[in-house]
Every structure is written in structure tokens, then in C-alpha cells.
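This report is written for someone meeting the structure for the first time.

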Amino acid sequence: MSTFLLILITGLGLGALYFLVASGLSLIYGLMGVLNFAHGAFLTIGAFTGLWVSTKVFPNPTTWTFIAAMIAGGITAGLFALLMEQLVINRLYNRHIDQALVTVGVSLVATALLGGWFGFDARFLPTPLWFMKAVTIGDAIIPIDRFIYIGVSAILLIAMLSILKFTRIGLIIRAGVENRSMVTALGINVRMAFSTVFFIGGFAAGVGGVLISVFSYGVSPLMGGSWLIYGFIVVVVGGMGSVAGSAIAAMLIGVTNQFANYYVPGLGDFVVVIILAAVLLTKPSGLLGKVSH
Amino acid sequence: MSSLEVKDLHVTINGSHILQGVNFFVPENKVTALLGRNGVGKSTTLKAIMGLNPGTGTIKFGGTEIVAMPTHKIVQMGLGYVPEDREIFASLTVKENLALAERDEKPNYELVYSLFPELLTRTGQRAGTLSGGQQQMVAIARALLNKNKILLIDEPTKGLAPKLVTEVANALAHVADHSTMLIVEQNLALVKAIAQNIIVMDQGKVVFEGGPENLQDDSFVKSMLGVSGGHK
């Protein structure tokens, strides 16, 4: 029972990190049809910003400095995403292949620049000491950082769903995911929604980058690439354009991955691919997919 | 000024030259019906006016050139659009569908709910779960919420049960009394009831312009519409 609980909560923690990467990807593709290969760069930029805040701005790690690192990472990545959308994506409106290619280019450039500046070795991101502790639930001893990943993701999930549900820009985004041209035919400048979605997606990825640095024991310019692949898998399984779908898929994949790896070490990734194939074969639109374009 | 003037409008989609120099004029405060058999380019014409299908030529709305203008700006000038397949947002509620269409400071919900009282009882229902007729009501209601200078309505009674056709027709007749309207419609009874002008298209061109009396008197018009009794 204790092992089951440990694997379950570790899987949920991993799923929470997947969600932070995937939620923005899903909204960006859902609304704009852009396969954003630069999303991993958002994550990496967020992580490096978090590292800078945690080592240079507030060198003595506390709970508050870590929160500041997450917020700074999120805002920097969000602004970078917004800048990319305004300078590059916006000029390639409706040219989806060109948009995808240019995001690959942005990703490569960002990785090379960060590598040239900081080197490619992983750097440790300082955290408060209590992050290293564990809590006992029943017989299970569970590292406390898992709960932080889950908690932060839950807060961002609620915030995103609230924006989508209760604000006008959220209404425009939800409608745009379903039928973008009809939104414009109602007199709405849908590009405002594009910018919002890029910022939100970048923010979530940036916060995710800081947390992933803790999970992976370091910040590296190469960290975005591997997590981006899982982000895409979560988006496809959850359904393009659905934040809730991304959350469910992320948890499913995180938990399944951990259980598979426990029983047969190394099997986790294979099982994730099986889930992906099963969803593509039985429900190609994903668990909660909404995109019609 | 709410007149609409289309001159030498060409639209090519995926290599097919759909509109081949369309010319017509929609006068102010009158209802103009755009008629023709399936596939002659009626819906494409409306979409081109809305900026949803890129075209070349001249489209002047109230004297302002709107070709190549972004769709949302065209709408903000006062063009309301009801698309052929309703295109309501299925995952949004009726209330959200209507809220999304709000542009005026005081949207005219009174008019919408007086024409379609059924919608008032379904504000919280997801639009995707409505019947076809109710979805059409939502689509028309979105265009009526704001004070538009002209309404472009594409086949509003398509696929509706006879009872709903009457309800939608009555609503359009009410709106037609004080609006400029360009309507694509296959239901000739409705056209005769509300239109003052008819435009007939064939193979991407306008082939006839005149009054609705020609629908029963002119054998050429009848043949173009595939109405029995027309010459071959």
C-alpha cells in the first residue's frame, strides 16, 4: 500500500509538470493552429530566470524567494512568448507550416544562446531546505516536492479555467478554439486572443521550467526539448485546445509512466506511446478535444 | 448610408474560379434576395463581402471600399452576418453565444427575445444540444443584437421543419421592415414575402436583376432557379 501511494503521488507530481508544459501548447494549437516547437524554449527561459532570481537576486533560499523565482520565471517566459508571437508568428498569419518551422528556429537559437552563455552543464537551483523533506501518509514516506508540483499546477489550472470561464477574453478564446473565423465574423479582433494565449502558455511553461529544475536536479539549456515531447503527447491525448483535457491526460500519463517503470524498469516511455497510439486510433480528437479547424 | 455595391468581384478557391466578375447593388432599407441553383457562388459572394473569402474587385459599403479589409473591421462598420450552416459555438451556452456577439453598448436583447422567446428559456443550455431550428435562432439573434446597417443572411430556413421555417420567416419579415438585407434563400415563398429586389446568379456571375414578380412571370428566371415551367 505504501509503495502504491508513493508511486501514485510521484506520478501525479510528474503529471502536474507535464500539465504545465502542455496546457499552453494545447491552447496555442487549439486557437491558432500553431504547432509551437519553441514551447520548450519558454520552459528553459523560465528555468534560467528562476535560477538567476534564486542565486543572484535572493541568494538565501526561502519559501518566498522560491515563489518569487517561479513568478519571475513565468513572467519572463510569458513575455518572451508574447514577443515571439508579436514579432514572428503574427507576420505568418495562417501560414501554419512556416509558423511551425520558425518556432523550430526560435527553439534552436534560444538553446544555442543559453548554452553559449551558461554552458550546457546542469546548474543546481537552490530551494528551501524543507523541499528535501518527506511526509508520512499511512506507511508511505513521500517526498514533499511532489505536493508542490501538484499544488502549483492545481492553482494554475484553476486560474486558467477561471480566465476561460469568467472573462470576455476567455470567452473569445473558447469560441476561437471552436471556430476562429466565426469569431472574427462577429466583429472580434481574434489576434488579441492570440497574444493572451501565448502569454498564458509561456507563463505556465516558465513556472513549469522552475519546478522541473527542482524535479530534475538542475537547469540546463537542453531541458526544454525532452519535456516538449511529453508536452505534445499530453496535448494529443488530452485533445487540442482543451486545458481540462491536458490536465486529465497529463495525470494519466504521469501515473501510468511511474507505475510501468516500477514494475518493469524502462517500460514507462513505451506505455506512454501505447496510450498515445490507442487514443489516436480510437478517439483522434483526444479525450476532450474541441478543435474543428 | 447602408447601401452595398459589388463590382467585378472575383474569387478563386483552391484553383477554382468561383466568382467571375460579380456585379450588383443592394439599395438602402430594402431586402435583396440573392438566388440561384446550388454551387453558383451565392454563399461565396456573401463570404467575400465579409472578408472571409479573399477576393478581388470592388465592394463598397456605404461608399467605403471594404475589399481586403479584415473581417472584424468590416463587421464593426455595421455588417451583420448569419452564415449558411449557423456556425454557432456548440460548447458555449446560448447566453455565451449571444454575449460573444455583443458590440453595441446596449445590445438589443429585447428584440431578440421578443422574436425568439424560446431562447430565453434556454440561456444556460449548450448551443450544441439545441435543435437545428433553435440553433438558427441563435445564429440570427447574434446578428440582431447590434444595430447593424446591413444584414447578410445565408439560407436561414435551410433544413428546418415547416413550423420553424414559418417562425424564422416571421422574424425575418419583422426585421426586414426596417433594415437593409441581402439574403440568400431557396424558399421562394419567403423571398416573395420579404424581398423587393432579386438577383439571380449562374456559374459565378449575375445573370438577372429585377423585382420579385419575375419569380413567377419570367421564364428565364424560373429556368435559372430550376423552377418547373421555366424554359430549357
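## A strand and its neighbours

In chain B, β3(B) runs parallel to strand β9 (residues 197–202) of chain B, and four bridges join the two. Within this pairing, Thr32(B) of the one strand stands opposite Asn197(B) in β9(B). The model that shows this is a predicted one, and its scores are ipTM 0.90 and pTM 0.87. For chain B the mean pLDDT is 90, with 97% of the residues of that chain reaching 70 or more.

β3(B) also pairs with β8(B), again in the parallel sense and over four bridges, and here the bridge partner of Ala33(B) is Ile183(B) in β8(B). Is strand β3 (residues 31–35) of chain B largely enclosed or left open? Five of its five residues are buried, so the strand is largely enclosed by the rest of the structure. Val31(B), Ala33(B) and Leu35(B) point one way from β3(B), while Thr32(B) and Leu34(B) point the other way, and all of them are buried.

## The sheet around it

These strands belong to an open sheet of six strands in chain B, whose order is β6-β7-β8-β3-β9-β10 and whose pairing is mixed. At the edges stand β6 (79–82) and β10 (205–210) of chain B, each of which has a single partner strand, so one side of each is left without a neighbour in the sheet. From one strand to the next, the twist averages 15°.

Another parallel pair in chain B is formed by strand β7 (residues 150–154) and strand β8 (residues 180–184), which are linked over five bridges; in this pair, Leu152(B) has Leu182(B) in β8(B) as its bridge partner. Helix α6 (residues 132–144) of chain B lies across β6 and β7 of that chain, and runs at about 180° to β6(B).

| Strands | Bridges | Example of residues facing each other |
|---|---|---|
| β3(B) and β9(B) | four bridges | Thr32(B) and Asn197(B) |
| β3(B) and β8(B) | four bridges | Ala33(B) and Ile183(B) |
| β7(B) and β8(B) | five bridges | Leu152(B) and Leu182(B) |

Gln203(B) has 13 other C-beta atoms within 10 Å and is partly exposed.

## The contact between the chains

Where chains A and B touch, chain A gives 15 residues and chain B gives 19 residues. On the side of chain A, the elements that give two or more residues are α6 (168–178) and α7 (180–184) of chain A, and the largest share, five residues, comes from α6(A). The residues on this side divide into seven nonpolar, five polar and three charged.

How many of the eleven residues of α6(A) are buried? Eight are, so this helix is largely enclosed by the rest of the structure; among the buried ones are Leu171(A), Arg174(A) and Glu178(A). The cover over the buried residues of α6(A) includes α1 (2–32), α5 (145–166), α7 and α8 (190–215) of chain A, together with α3 (94–101) of chain B.

## The nonpolar core and an exposed residue

The largest nonpolar core has 165 residues, and those with the most contacts inside it are Tyr18(A), Leu20(A), Val21(A), Val234(A), Ala141(B) and Leu152(B). Its largest share, 15 residues, comes from α8(A). Leaving aside residues up to four places away in sequence, Val21(A) touches several others, including His39(A), Leu43(A), Ala205(A) and Trp227(A).

Phe4(A), found in helix α1 of chain A, has 12 C-beta neighbours inside 10 Å and therefore counts as exposed.

Definitions and conventions. Residues numbered from 1 in each chain as written. Chains lettered and ligands numbered in written order. Predicted model: local features only at pLDDT ≥ 70, side-chain atom pairs only at ≥ 80, totals over all residues. Contact = placed C-beta atoms within 7 Å. Nonpolar A, V, L, I, M, F, W, Y, C, P; charged D, E, K, R; others polar. Pairing = 2+ DSSP bridges. Axes fitted to C-alpha atoms, helices over the stretch in contact; angles between N-to-C directions. pLDDT = per-residue confidence, 0-100. Buried ≥ 20, exposed ≤ 12 C-beta atoms within 10 Å, placed from the backbone. Core = buried A, V, L, I, M, F, W, Y, C linked by C-beta atoms within 7 Å.
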